[in-house]
Every structure is written in C-alpha cells, then in structure tokens.
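Please open the structure in a viewer and keep the selection tool at hand.

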Amino acid sequence: MSRRIRRTPYTGRVEACGASGFTVVNHMLLPKAFRSSVEEDYWHLREHVQIWDVACERQVEISGKNAFDLVQMLTPRDVSRSRFGKCLYIPATDANAGMINDPILLRLTEDRFWLSTADSDLLLFVLGLAAGSGMSATVTEPDVSPLAVQGPKSEDLMASVFGAAVRRLRFFDFALLDFQGTRQVIARTGYSGQDGFEIFLDRGDLGPALWDALWEAGKPLGVRAGSPNLIDRIEAGLLSYGNEMTRANNPLECGFEKYCALDGSIDFLGLAALQEIARQGVARRIMGLVFEGESCPTCMDPWPVKADDGTGTRVGQVTSAAYSPRRGCNVGLAMIDRACWTPGQSVAVVACDGISRKGNVAGLPFE
C-alpha cells in the first residue's frame, strides 16, 4: 500500500489480527475483511462483540467566534438543538441541495464542534466555505482516531475499561471518560444495527494501548477484530455516502426530511434549492428491497430495478445488496421512482450476473 494512503494508530493491531483486505476512506485505511466470511462476521457481530478500526471517520473541527454559524450554514438541520453530551446526525448540502456528506455532529463547547465524516473531502469544503463567507472560525482536522466497539456485549466490554459511567449513556449520547490519565470522548454510536460505542481517541500515540486494553478485557466475551458488516448495515437501513447517495442526491430523496427545517427559521447553503424540491415533490426515494434467489453477487455498479408488470420499465437502481442468512433471502438498498416506492410493490432486480430476481420494495429499516 502506498504511503499516500494513511495508516491509522490501530493498523498494526488489525494486521496482527489477520486483516485480509482493506479499503480506503478519507485517504485512510479501513479494514474490510478478516479471515472469517461476511456471514460468519455477521453472526458474531449479532451475538458477541467486535473492535473496529474506524479511524478513517476523520473529524472536521470548527471552532471560534462564528463556529456555530458556519456549522449551521452546512446543514438543513437546526443546529441550535445541539448541546454537549448529545450527538446529532446531519445531512450536509451544497448550494444546489446536493448531499456532500452526512456526518455526526458533536458539540464539545459553545463554540467548538466536531463533524465525524463519511467518505468525502468535507474538510476542504468547509475550509472553502469559511474563506468565502468571511466568517471568523478555525477549521482543522485534529488528531482524533475513532475506534468502535460493536455488538450486544459491547456495554460490558466498555464498562470493564471505562467504568460504570458507560452504562448510563443512551443512544447518541456522549461523555468525557478517563483513559490512562486522559479524557476521551465516548459516544453510544456506531455504523451497525447492534448496540455499540465509538471512542474518539484524541491522541494517536495511545492507539495501541487502547486496542490492547479492550482486547484483553474482551477475551472472556469472545471479542474479535471486525469491520462494518454489509449485511448488518443493509438490514439496519444505514446509508453509505458514495454508494446510496452522492452530490446528485438531495436530503429529501435520501429520507432525511425530518432533519430538514425548510420553513425559513434557519438559513443554510442550499435552502432555496431544497425548498423548491420540496414544493415540486421528490421523484425518487431510497427504499429497501427483498428479492429471491441464492446469494446475489457483489454490487459493484448499480443494478437496474424494473417494474414487474411485463413492460420491463426501469424504475430504480440497487446501490448495495447482500444475502441475509437470517432472513434466507437477498436484501438491498435502492433508489426507487415514486410510482413504485410503496412497500410491498413487486419489482424485478437484474443483477450483474444477468439473472432477473423477483422482489418487493420494503421500508427502512427492514422489519
């Protein structure tokens, strides 16, 4: 791997655990697979606990006099609802209401924010926005390397390392807890459908020590090294920036209308464009799909979704898909036209192997 691709404070540990593949997110390594299959990893994640190197979730820190105003300019969600101790999921938009990222927002102080980013160059976008707006705010990428602990036994593992205070965190809460004489942000969040936590380690040199502490404490719980699991995230209806959505998509067709204040009470980049989209009504929406057949191939390029009425009319495209061993069928995420997005609607999925599989549109998350 080229030195242009950044290693993380945990890369050595995941290599020692048998990482068999990596992908690149935000110019940084993300372990993609270990010795077990995706299905084995899925069952283990649902039943035990895993440690994930997700340091690629880079933080964009915005601080200073106009930090709040700059954060609000980025998103249609009302940021005045943010406070210390509570995470907010925010769609971030450009001037045309196109999705540029979907970070988690953490408000650390009155005028200091972290945006925990998906895979796009949000740092550069925010730097440009700050410069163009003339706002007094400092925009940086701090030395913060998230490590995720996911699975039904995650609370027990975290409590053994960080103390009983972890158990008081509710979903999307965060707190400052001690680790080796430092104060670290711990959030009850994670890119899975299971219970879990993310440790926003703000000193990379402590990465190996943090991994080792969790690993040793997790041995009685059957801990494994893992990574975001495709089957689990599809079943949970978790969208992936660059797969389910890009700048060609707006928050409304991504199902984020509850995060969009369009009544003029707040101003943000893309307000007028998103108001016009809402007035006209969206023509497509991200939905779930359940479709028959044996395990489907990997969805490397979008697959056509066609009307199941004999016409073969294309009514959408599959963006992510996998075979669910728990359900005994294939599941997927797809952008579906308005005429066919009603849950239960019959469709046909044409995968890259050329096989047409009968299926049905489903709501998200899957029941």
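Select β11 (145-150) and β14 (196-201); these strands pair in the antiparallel sense over six bridges. Strands are DSSP runs of E with at least two residues, helices are runs of H or I with at least four, and both are numbered from the N terminus. Two strands count as paired if DSSP finds at least two bridges between them. Within this pair, A148 has E198 of β14 as its bridge partner.

This is a predicted model, in which local features need pLDDT of at least 70 and side-chain atom pairs count only at pLDDT 80 or more, while totals for chains, interfaces and linings use all residues. Residues are numbered from 1 along each chain as its sequence is written, and side-chain values use heavy atoms, with hydrogens and water left out.

Contact here means heavy atoms within 4.5 Å. Axes are lines fitted to C-alpha atoms, for helices over the stretch in contact, and angles run from 0 to 180 degrees between N-to-C directions.

**Strand β13**

Select β13 alone. Five of its six residues are buried, so β13 is largely enclosed by the rest of the structure. Buried means under 20% relative accessible area, exposed over 50%, and partly exposed in between (1.4 Å probe, protein chains only). β13 runs antiparallel to β12, joined by six bridges, and antiparallel to β14, joined by three bridges. Select V185 in β13: L176 stands opposite this residue, and F200 is its bridge partner in β14. In the hairpin of β12 and β13, two residues lie between the strands, and Q180 takes a positive phi near 45 degrees.

**Helices α5 and α6, and the core**

Select α5 (154-162) and α6 (207-218). Two packed helices are described by the angle between their axes and the distance between the axes. The axes of α5 and α6 come within 9 Å and cross at roughly 120 degrees. That makes α5 oblique to α6; angles under 35 degrees count as roughly parallel, over 145 as roughly antiparallel, 65 to 115 as roughly perpendicular and the rest as oblique. Residues L157, M158, S160, V161 and F162 of α5 meet L210, A213, L214, A217 and G218 of α6.

Next, select M158, F162, I186, I199, L210 and L214. Of the 34 residues in the largest nonpolar core, these touch the most other members. A nonpolar core is a set of buried Ala, Val, Leu, Ile, Met, Phe, Trp, Tyr and Cys residues joined through side-chain atoms within 4.5 Å. Which residues does L210 touch, not counting those up to four places away in sequence? They are Y10, L147, F162, F179, I199 and L201. A second, separate core of 31 residues includes C87, L239, V331 and M335.

**The five-stranded sheet**

Move to the open sheet of five strands, ordered β5-β8-β9-β4-β10 with antiparallel pairing. Here β5 (88-89) and β10 stand at the edges, each with a single partner strand, so one side of each is left without a neighbour in the sheet. Two bridges join β5 to β8, and L88 has L105 of β8 as its bridge partner. Helix α3 packs on this sheet, touching β4, β8, β9 and β10.

Finally, select W114 in strand β9. Is W114 buried or exposed? W114 is buried, with a relative accessible area of 3%. V71 is 43 residues from W114 along the chain, and their C-alpha atoms are separated by 9.6 Å.
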